[in-house]
Amino acid sequence: LSSLSGLTHESHKKDVEQVYLRCSEGSIEWMYPTGALIVNLRPNTSPASYKHLTVCIKPFKDSAGANIYLEKTGELKLLVRDGDRSPSKVYCFSYDQGGLFVEATPQQDISRKITGFQYELMNKGIASDLHTVSAPCRPCSDTEVLLAVCTSDFVIRGSIQDVTNKAEEQESIIHVGVNKLYRQKSKVFQLTGESGNWRGQIKTLLECGVKPGDGDFLFTGRMHFGEARLGCAPRFKDFQRMYREAKDKGLNPCEIGPD
């Protein structure tokens, strides 16, 4: 978390401050914004790999007091307008498209304003999986499922206990009961209550029309801004079939033990 305050620049409202961030994910919080910030993302990887990166930012729910631009060689492209209240909106761009220029908007009382956002840098392939526009709800092929098992941030066998639809955010929250946990990158799925059952939540697009139903699924997906996002999710019996077929042919990209 990088936290800055504009009150130290009250007498220099046109000041532009440079900020350098070395982490691949984190957040910026700018209290009492005045002037402008240039946010330089400089991850601890080889500069040659920068061209393969996508940057995503997610403004805080109550972020206010500044416009956020994409800046390259002096040209500004508006990314997030001050006061835009699109809940859970994520803005993504290629690393080589430029950096972030955060400019305070004129305010009568800056003490009431805090501008902030989370950011993530990720491989372009992962980013396109998370933000695919062409067919976000289509079923995965056998090959895609088997690859997802090897590369996803979480892989679980579980059932859909309930689904909460958030019309304003155009998202559905899948409440999952976990029967077997193969992998998780962070502790989204946890033991709950005295019964010792594992449970967790996975988010997906509202348009996919997920509904509660019987039977087990293999849930895979990515972590994105601290939330589990659904990837491939075949019925578990279908996953067992495709896994065994691939194993018989020696085509499994990795071992998981589906039984």
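Among contacts (heavy atoms within 4.5 Å) between residues at least 6 apart in sequence, 67% join residues at least 24 apart. The model is predicted: local features need pLDDT of at least 70, side-chain atom pairs count only at pLDDT 80 or more, and totals for chains, interfaces and linings use all residues. Residues are numbered from 1 along each chain as its sequence is written, and side-chain values use heavy atoms, with hydrogens and water left out.

The chain has 3 helices and 16 strands; these are DSSP runs numbered from the N terminus, helices being H or I of at least four residues and strands E of at least two. Of the 259 residues, 39% are buried, where buried means under 20% relative accessible area, exposed over 50% and partly exposed in between, with a 1.4 Å probe and protein chains only.

Helix H2 spans residues 142–151, and its residues Val145, Leu146, Ala148 and Val149 are buried. Down the axis of H2 the buried residues fall within an arc of 155°, so they line one face of the helix; the arc is that of the directions from the helix axis to the C-beta atoms. The elements below are among those that cover these residues.

| Element | Residues |
|---|---|
| strand S11 | 154–166 |
| strand S12 | 171–184 |
| strand S15 | 217–224 |
| helix H3 | 236–248 |

Serine 49 lies in the loop between strand S4 (36–41) and strand S5 (53–59). Serine 49 counts as partly exposed because its relative accessibility is 26%. From C-alpha to C-alpha, serine 49 is 9.3 Å from asparagine 123, although the two are 74 residues apart in sequence.
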